[in-house]
Amino acid sequence: MIRTLATYITILVVTPVLGTMVTVASYLGVKRTPGGFLQSAPRWWAQSLLGAAGVDVVLHGEEHIRTGEPRVFVCNHVSWFDVLALAASLPHYSFVAKSEIFRVPIFGRGAIAVGTIPIERENRKAAFESYKVAAEHIREGASVVVYPEGTRGKEYALRPFKKGPFVLAVAAGVLVVPTVIHGSIEVLPRGAFWLRRGRTIHVHFLEPVSAAGLQYEDRDRLMRAVYDRMASALRTLYGVDSPALPTERNGDRARTA
C-alpha cells in the first residue's frame with residue numbers, strides 16, 4: 001500500500017512539473033537531440049516512478065540497443081509498467097501510443113513535446129498515417145517503440161499482431177528488435193489499481209530481424225519472423241506458450257541480422 005501511494009503521489013507531482021517544462025521547451029524551439037532535455041525528460045519521469053514503486057529493471061541483450069543506429073522495437077504489452085521499463089532504459093527513441101493518452105491534461109501536451117506519436121487504433125487509415133510520421137522520426141535518427149498487440153493483455157502469451165508496425169519497419173528499412181518484457185504483470189496487471197509485490201521487471205532485447213530491402217508485400221513475413229522470435233523466447237525463458245500464427249504461403253522470408 002505504501003509503494004502504491006508513493007507511486008501515485010510521484011505521478012501527481014512529477015508529471016505536471018516535467019510536462020510543463022517539456023511543453024515550454026518545445027514552444028521555445030528546443031530540439032529533440034540525443035541526450036538533450038526533451039529526450040532525457042521521459043527517462044527521468046519513468047525512473048522516478050519506478051523508484052517510487054520500488055521496481056528494478058533488468059536488461060538482457062543490451063548489445064542490441066547500444067549501437068546508436070535507429071531501430072524499431074516491437075514489444076509485448078501486459079502492463080503500464082512495460083512503458084516505464086522501456087522509457088527508463090532506451091536511448092534516443094519515440095513511442096507510438098494510443099491517441100487517448102493525449103487527451104490527458106498536461107501529460108498529453110508533454111507527450112507530444114517529447115515526440116510520442118499518437119495512433120487512432122480504430123481508424124485504419126489514420127493509423128497508417130501515424131506510422132508514416134514514425135518512419136520520419138526514424139529517418140531523423142530516433143528509434144521507435146511499438147506494441148503490435150494494440151493494447152494490454154492479461155497474460156504473457158502473445159496475442160495476434162497488427163500489421164501497421166511492420167509496414168513502418170519496411171518503410172524505414174531498419175533493424176527490428178523483438179522485445180519481450182516479463183515481470184510487469186506481477187507489479188501491476190491490467191485493470192488493477194494497487195501495486196503488487198513484484199519488484200523486478202526483465203526486458204529482453206532479442207536478436208534483430210532486418211527489414212532492409214523488404215517491400216510492402218513482405219510485411220507478413222516480417223511480422224511472422226518477429227512473432228516467432230518473441231514466442232520462442234517466452235517459451236524458453238518462462239515456459240509461456242503462445243498460439244501459433246497461420247502457416248506461411250508465399251514470399252521471401254525476412255532476413256535475420
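Guide: A residue counts as buried under 20% relative accessible area, as exposed over 50%, and as partly exposed in between, with a 1.4 Å probe and protein chains only. Trp-194, with a relative accessible area of 44%, is therefore partly exposed. This is a predicted model, in which local features need pLDDT of at least 70 and side-chain atom pairs count only at pLDDT 80 or more, while totals for chains, interfaces and linings use all residues. Residues are numbered from 1 along each chain as its sequence is written, and side-chain values use heavy atoms, with hydrogens and water left out.

Visitor: Why is Arg-71 called buried?

Guide: Arg-71 has a relative accessible area of 6%, which falls under the 20% limit, so Arg-71 is buried. Glu-69, at 48%, is partly exposed.

Visitor: What makes Glu-69 and Arg-71 a salt bridge?

Guide: The term requires a side-chain nitrogen of Lys or Arg within 4 Å of a carboxyl oxygen of Asp or Glu. For the side chains of Glu-69 and Arg-71 the N to O distance is 4.0 Å. By this rule the count comes to three salt bridges.

Visitor: How do you know that Asp-220 and Lys-163 tie together separate parts of the chain?

Guide: The closest N and O atoms of Asp-220 and Lys-163 are 3.4 Å apart, and the two residues form a salt bridge. Because Asp-220 lies in helix α8 and Lys-163 in the loop between β5 and α6, the pair ties together parts that are 57 residues apart in sequence. Asp-220, at 32% relative accessibility, counts as partly exposed, and so does Lys-163 at 38%. Helices (H or I, at least four residues) and strands (E, at least two) are DSSP runs, numbered from the N terminus.

Visitor: What makes β2 and β5 a pair of strands?

Guide: Two strands pair if DSSP finds at least two bridges between them. Strand β2 (residues 72-75) and β5 pair in the parallel sense over three bridges, and the bridge partner of Val-74 in β5 is Val-146.

Visitor: Which residues of the largest nonpolar core touch the most other members?

Guide: A nonpolar core is a set of buried Ala, Val, Leu, Ile, Met, Phe, Trp, Tyr and Cys residues joined through side-chain atoms within 4.5 Å. Of the 38 residues in the largest one, Val-74, Phe-161, Leu-222 and Val-226 touch the most other members. Helix α8 gives the most to this core, with eight residues.
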